[in-house]
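This report works through a structure from single residues up to chains and their contacts. The sequence and coordinates come first, and the description follows.

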Amino acid sequence: MSTEAVAVLAPGQADSVPATPVRRSGRARVTSAIKWAFLILVALYFVVPMLAMARFAFQNVPTALLTPDKLFTGWSPSGLWTALTDPQILAAGRTSLGLVVFAIVLNLVLLVPLSIVTEVRSPQFRPYLTAFTLLPWVIPPIALVVGVAATFRATAPWFLASVFSLVPFYALWAMPFTYRALDAGLQAINARTLYEAARSMGASLGTIIFRVLLPNMRASMVAAAGLTAAMVLGEFAFASLLLKATLPTEMVNYQRGDPRGGLALALFVMVLTALSLGLVVRTLRRRGLNVQTTGL
Amino acid sequence: MHSLFRRENRLSLIVIAPFAAFVGLFLVYPTLVVLYKALTPGGSLGTDALQRALSGTYRDGFINSIALSATSAVIGGTIGILLALTIKSLQRPKWLHSTLDSWSAVASQLGGVPLAFAFIATIGAQGILTKLLMNIGVDLREMGVSPTGFWGLVVVYLYFQIPLMFLVMMPAVVGLKDTWREAAAIMGASPARYWRTVGIPILTPAALGGMLLLFVNSFTAYATAYVLNPGGALVPLQIRFLLQGNVITGEEDLGNAIVAWVIALLLTSLLIMTLLQRRTLKWTSS
């Protein structure tokens, strides 16, 4: 397409075309080699720490004694097994799973009706909601934890006593990408048109929401849930500073007593997080939803 | 605002009210209390706490945090842009673009505890890369790269900074239309001239905005820094110290004042970022 355009605009140069590709392919090969070298360097930077972590976690040979001939000896998953069956880790894992579920449910309960009503009835509110999504970047966990200590700790200590007091805050930080995912889902199905069509055929509001809109928003909800799960499974600052035993904070404690098992556990959690995020990306792409996982 | 209370908008109100109450109670209220307390140390209006929050060790904390965040933002930003440009120019393996896209979405969220552990196993005292390089005569310690030092933290932070920059830059880089380059070439511009007068001016707002986002991202990173060096003089770690230490009278206000400065810094960065993003969209959205 582009060469055609050139040929039309500059017909006089058409005869020099056969010579150009030959000369350019030499230079192109060099640039392409540089590009691939750069990509390989970046890939190494991302892969090597993971391999180092896996080796430390699953090979029971200290680094100081590691020689090429010992590369394949002493591998065993026992560290991970010990860590996973540790009662405190098990309890923390259950807690974190609970936090994930509650944060997802709370978020969807608050945001699904809000995003639907905003889209079909009051689209003038959309810019405000979108601007709101920057708030968690302005007030991150490390800043909000001071405010929570200054307010709830003094006025409602009973609230902070339970580990599940983390739920509203986790839901808060998950709101930006949850709202973006839901909104993208509504845009993609032309929710306003569907709403008006269903309305004109006499459907009640309940029918529209439960039989028309919600079934079409499943992909958005799965994506939002996956992102929330990854966020909750990785959040450390807030839980640690409020002295709550979640999986990330217990992982740090456990690692002090059992470095090998601790690393195996961390790798395990990291793989889980990556899988959950991978599911998100796949869901979004299959539906053609344009959602930034960064929540911006 | 008046329209909010009309009959057909009552439904919107029913749905917005719980959301607003939720955000007000758990986000706005604690934040306002912190800002109020920072401005009224000891009960009366004054800038005493705000000034102390920027002096002595806390001043060092801000300088270190800003230096660390700026360094990782510039390096991570540059590599992220180069990565986006490289991926755009390489058409061939079709899986490359989508794979890197997915991987970045994953890696940009992989901060925290596991990441710190991974780098301890790589460039820590017993790290595999430390030992490998030692065998060929390169001492990482001597070069000042250990996961607890400044450059060590930069290397670790790049792990989530590069993918984040890639995600932020990719739309702008894709928006750089091939027809512009062809048009420039037809009019006789060299590739260098094209980049100087078209490519770089169009990408600059996006690049600066992305780097500001990376700056904010690493300024507030806590878990990685805490696991690697809990005693380090970085703002998030000092907040922890003030929050958990035996609070002497007045120290509480100091913590509030530090948070007030942090919020001011983040707010400014993100406002500038939003303005830059708007400028980017003018050219690259279609």
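The model is predicted, and the account begins with one residue of chain A: R27(A) lies in helix α2 of chain A, which covers residues 19-58. This residue counts as exposed because it has 9 C-beta neighbours inside 10 Å, where 12 or fewer is the limit for that class. Between R27(A) and R282(A) there are 255 residues of sequence separation, and their C-alpha atoms stand 37 Å apart in space.

**Loop residues with positive phi**

Two loop residues of chain A call for a check of the backbone. N190(A), a residue other than glycine, has a positive phi near 55°, and its place is in the loop between α9 (166-188) and α10 (191-200) of chain A. With 13 C-beta neighbours inside 10 Å, N190(A) counts as partly exposed. L243(A), likewise not a glycine, has a positive phi near 60°, and it sits in the loop that joins α13 (237-241) to α14 (247-257) of chain A. L243(A) has 10 C-beta neighbours inside 10 Å and therefore counts as exposed.

**Domains of chain A**

The domain assignment divides chain A into domain 1 (14-70) and domain 2 (78-286). Taken over C-alpha atoms, the centres of domain 1 and domain 2 of chain A are separated by 36 Å. Contact between them involves 5 residues of domain 1 of chain A and 6 residues of domain 2 of chain A. On the domain 1 side of chain A, the residues that touch domain 2 of chain A are 5 nonpolar, with no polar and no charged residues.

**Chain B as a whole**

Chain B contains 12 helices and 0 strands, and its C-alpha atoms fill a box of roughly 70 × 70 × 30 Å along the principal axes. Of its 286 residues, 44% count as buried. Among the contacts in chain B with a sequence separation of 6 or more, 76% come from residues 24 or more positions apart.

| Helix | Residues | Length | C-alpha span | Expected span |
|---|---|---|---|---|
| α7 of chain B | 150-175 | 26 residues | 36 Å | 38 Å |
| α4 of chain B | 94-107 | 14 residues | 21 Å | 20 Å |
| α4 of chain A | 87-120 | 34 residues | 49 Å | 50 Å |

For α7(B), the span is close to the expected value, although this helix bends by about 40° at L158(B). Because 21 of the 26 residues of α7(B) are buried, the helix is largely enclosed by the rest of the structure. α4(A) also has a span close to expectation, and it bends by about 25° at L108(A). In α4(B), the buried residues are L100(B), S104(B), A105(B), V106(B) and A107(B). As background to such a pattern, residues three or four places apart in an α-helix point the same way, because there are 3.6 residues a turn.

**The largest nonpolar core**

Which residues touch the most other members of the largest nonpolar core? They are V145(A), Y170(A), A116(B) and M169(B), out of 171 residues in that core. The helix that gives the most to this core is α7(B), with 18 residues. From chain A, the core draws at least three residues from each of domain 1 (14-70) and domain 2 (78-286).

Leaving aside residues up to four places away in sequence, V145(A) touches A237(A), F238(A), L241(A) and L242(A), together with L243(B) of the other chain.

**Contact between the chains**

In the interface, 65 residues of chain B are in contact with 66 residues of chain A. On the chain B side, helix α1 (residues 10-39) of chain B supplies the largest share, with 15 residues. By class, the side of chain B that touches chain A has 44 nonpolar, 16 polar and 5 charged residues.

Definitions and conventions: Residues are numbered from 1 along each chain as its sequence is written. Chains are lettered from A and ligands numbered from 1 in the order in which they are written. This is a predicted model: local features need pLDDT of at least 70, side-chain atom pairs count only at pLDDT 80 or more; totals for chains, interfaces and linings use all residues. Helices (H or I, at least four residues) and strands (E, at least two) are DSSP runs, numbered from the N terminus. The expected span of a helix is 1.5 Å times one less than its number of residues. The bend at a residue is the angle between axes fitted to the seven residues ending there and the seven starting there. A residue is buried if 20 or more other C-beta atoms lie within 10 Å of its own, exposed if 12 or fewer, and partly exposed in between; C-beta atoms are placed from the backbone. Domain bounds come from an automatic or database domain assignment. Two residues are in contact if their C-beta atoms, placed from the backbone, lie within 7 Å. Ala, Val, Leu, Ile, Met, Phe, Trp, Tyr, Cys and Pro count as nonpolar, Asp, Glu, Lys and Arg as charged, and the others, Gly among them, as polar. A nonpolar core is a set of buried Ala, Val, Leu, Ile, Met, Phe, Trp, Tyr and Cys residues joined through C-beta atoms within 7 Å.
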